[in-house]
Amino acid sequence: MKVDKNKVVKLAYELVVDGKVADKATQDRPLDYIHGTHMLLPKFESEVEGKEPGDSFEFTLTPAEGYGEVDQTQIIDLPKTAFMVDGKLMEEFLVVGQMVPMMSQDGRVVQGIVREVSDDSVKMDFNHPMAGKTLNFKGNIVEVRDATEKELTEGLHGEFLPPEEHHHCKHHGDGECCHGEGHKDGECCHGEGHKDGECCHGEGHEDGECCHGKGHCKDKE
C-alpha cells in the first residue's frame, strides 16, 4: 500500500539542522499521522507521497518550504509582570532558551522562546524554533494502512476533536500530535507550527501574561 490521502502512515526519520540532529523518530517509536490532513508540512508530505513500507527518503526543505524566514515582528519585549502568577514572579521560566507557553489574542496557546532577560523586561521570540532554518530529512516508511472513519472524523489521536475532548492526546500545538523520540511537550519540528505570535490577554490574564499557573493553558493529563 502506498502513501496517499487518508492513509495512516508511520515513518522513521532523522532531521539534521545546522549539522546537528534536531529531531528524530525511530523504527520502534515512529511518527504516525493521517496523510493529506495538513498535520505535516506540505512539502514533507509531497516528498513521501507514493512511497511504500520499506522505501527510504532523503530530501532538504528550504526555509520557505519549512517555517519561513525569521519575522522580526514576532520578537517582542514583555514586562516581567507578564510572568507573575499569584503575585509571584515565575523565575524558573525566565531562562534564555526556555520555551514558555503564552496566551494569544484569540485565546490560543502559542510557544515563545526567551531570548533575553533584563531587570524589568523579557525579550520573547514567537517565531517557530525552526524559522529561517534549512531542514535536512532522511528516513524510511514503516507502515501504511487505511484510516478508519473514526480516525478521519476524530483524528488519529483525537486531534480533530474540540479541545475539551482530546485531553488524551499528547498535544503539540494546532492539532498536531507527534510521538517521535526526542520530542518535548509544546514542540514538533515538522508539524505545521504556530504562525500567530501575538501575546495578549485571555480570561484572567494581563497582556502577555504567562499561561502557567492556575491550571491555564496546560493540557489535561
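**Contacts, rings and strands in a predicted model**

Setting aside neighbours within four places in sequence, Met124 is in contact (heavy atoms within 4.5 Å) with Gln74, Ile75, Ile76, Leu78, Phe83, Val100, Gly112, Ile113 and Val114. This residue is part of strand S10, residues 121-125; helices (H or I, at least four residues) and strands (E, at least two) are DSSP runs, numbered from the N terminus. With a relative accessibility of 0%, Met124 counts as buried, where buried means under 20% relative accessible area, exposed over 50%, and partly exposed in between (1.4 Å probe, protein chains only). Val96 sits 28 residues from Met124 along the chain, and the two C-alpha atoms are separated by 9.5 Å.

A word on where these values come from. The model is predicted, so to speak of a local feature takes a pLDDT of at least 70, and side-chain atom pairs count only at pLDDT 80 or more, while totals for chains, interfaces and linings use all residues. Residues are numbered from 1 along each chain as its sequence is written, and side-chain values use heavy atoms, with hydrogens and water left out.

The pLDDT is the predictor's confidence in each residue, from 0 to 100. Its mean over the chain is 80, and 73% of the residues reach 70 or more. Residues 167-189 fall below 50, yet this stretch has 71 contacts in the model beyond near neighbours in sequence. Residues 192-221 are also below 50, and that stretch has 84 contacts beyond near neighbours in sequence.

Next come the aromatic rings. A pair of them is described by the distance of the centres and the angle of the planes. Rings of Phe, Tyr and Trp (its six-membered ring) pair if their centres lie within 6.5 Å; planes under 30 degrees apart count as stacked, over 60 as edge-to-face and the rest as tilted. By this rule there are six aromatic pairs. Ring pairs join Tyr13, Phe44, Phe57, Phe59 and Phe137 into a cluster.

What about the strands? In a regular strand the side chains alternate between the two faces of the sheet. In strand S3 (residues 31-34), Leu31 and Tyr33 point one way and Asp32 and Ile34 the other way, and all are buried. S3 pairs with S1 in the antiparallel sense over four bridges; strands pair if DSSP finds at least two bridges between them. Val8 stands opposite Ile34 in S3.

Some backbone angles also deserve a look. Most residues other than glycine have a negative phi. Asn6, however, has a positive phi, near 65°. Asn6 is in the segment before strand S1 (7-17) and, at 29% relative accessibility, is partly exposed. Asp18 has a positive phi as well, near 55°. Its place is the loop between S1 and strand S2 (20-25), and with a relative accessible area of 59% Asp18 is exposed.
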